[in-house]
Amino acid sequence: MIQRIIAVVNQKGGVGKTTTAINVAAQLASAKTPVLLVDLDPQGNATSGLGLPSEQAVRTTYDTLSGQAALAEVAQKTHVTDVFVLPANAHLAGAEVELVGRPRREFVLSEVLAGAASYSYIIIDCPPSLGLLTINALTAADSVLIPVQAEYYALEGLSQLLSTIQAVRSSTNPKLELLGIVLTMYDKRNSLSEQVQAEVQNYFGDKLFSTIVPRNVRLAEAPSYGRTIYEHDRWSKGARAYKALSKEVRARL
Ligand SMILES: Nc1ncnc2c1ncn2[C@@H]1O[C@H](COP(=O)(O)OP(=O)(O)OP(=O)(O)O)[C@@H](O)[C@H]1O
Ligand SMILES: [Mg+2]
């Protein structure tokens, strides 16, 4: 099977990037298709969301980017079968600054991930910015998955994100594809959600995944236990949504 690298990106904070990265990673993983979740956010939420205390991680994504450690030395097994994580913590904030002075600074992550050939899927959880870390993710990835929160300002910032993707295509990564947009935290009691859905549908057409992730308290609880949604409450609406989304992701890949 050919390896697929997916960057989960949106410069807006709190839209569901990490929740999506974790729960799609867990669903795509199997013995034949091991998954590496790259935590590229100094907040370390993908790391802690998988139950690894991010502040205690000895070696982190930062060490791979700075060349102090190889990916194989840093990637950790998680309690989720066939899911591995490249953990991050606050140290990663320094990388954003340090990368600026590096030659081929957009390609640093791409070169690190060359050491990850044994994974079938690599999912990169990006920070809420379009800085150099995110540019590295877009340069390393085959495709981009964009979570969009179903709220009033949902489309704000998306044109900037799309033009960044276009700029990456015409400079460091011509093969970068838009995998799709997923609406998150959808509240069907709120008529605004419906309106946002129509707008996003109109703007993105069939790039919008037909699965919509509802606002679901079980999804909000799971990371505090370091659990995926399937472990936390496999029958929840959130679990069903992320299963369906992962199926669509696999089909599009
Ligand atoms: N569908 C959902 N229903 C309810 N709560 C959710 C849902 N998705 C995510 N959350 C919660 O909303 C918050 C933001 O989600 P998440 O951390 O996934 O967003 P993010 O885009 O990664 O944020 P950041 O930009 O800070 O990295 C978290 O507390 C998360 O548990
Ligand atoms: Mg996050």
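Biologist: Which helices each supply at least two residues of the shell around ligand 1?

Modeller: A residue counts as near a molecule if its C-beta atom, placed from the backbone, lies within 6 Å of it. Helices are DSSP runs of H or I with at least four residues, strands are runs of E with at least two, and both are numbered from the N terminus. On those terms, at least two shell residues each come from α1 (17-28) and α10 (217-221).

Biologist: What is the basis of the model and its numbering?

Modeller: The model is predicted, so local features need pLDDT of at least 70 and side-chain atom pairs count only at pLDDT 80 or more, while totals for chains, interfaces and linings use all residues. Residues are numbered from 1 along each chain as its sequence is written, with chains lettered from A and ligands numbered from 1 in the order in which they are written.

Biologist: How many residues of the shell around ligand 1 are charged?

Modeller: The shell holds 20 residues, and the closest are Lys 17, Thr 18, Thr 19, Pro 128 and Ala 220. Ala, Val, Leu, Ile, Met, Phe, Trp, Tyr, Cys and Pro count as nonpolar, Asp, Glu, Lys and Arg as charged, and the others, Gly among them, as polar. The division is seven nonpolar, 10 polar and, as charged residues, three.

Biologist: Why does the radius of gyration agree with a compact globule?

Modeller: The radius is taken over C-alpha atoms, and the globule rule is 2.2 Å times the number of residues to the power 0.38. For 253 residues the rule gives a value near 18 Å, which agrees with the protein's 17 Å.

Biologist: What is the bridge partner of Ile 6 in β6?

Modeller: Strands β1 and β6 pair in the parallel sense over three bridges. In β6, Ile 6 is partnered by Ser 143.

Technical notes. Two strands pair if DSSP finds at least two bridges between them.
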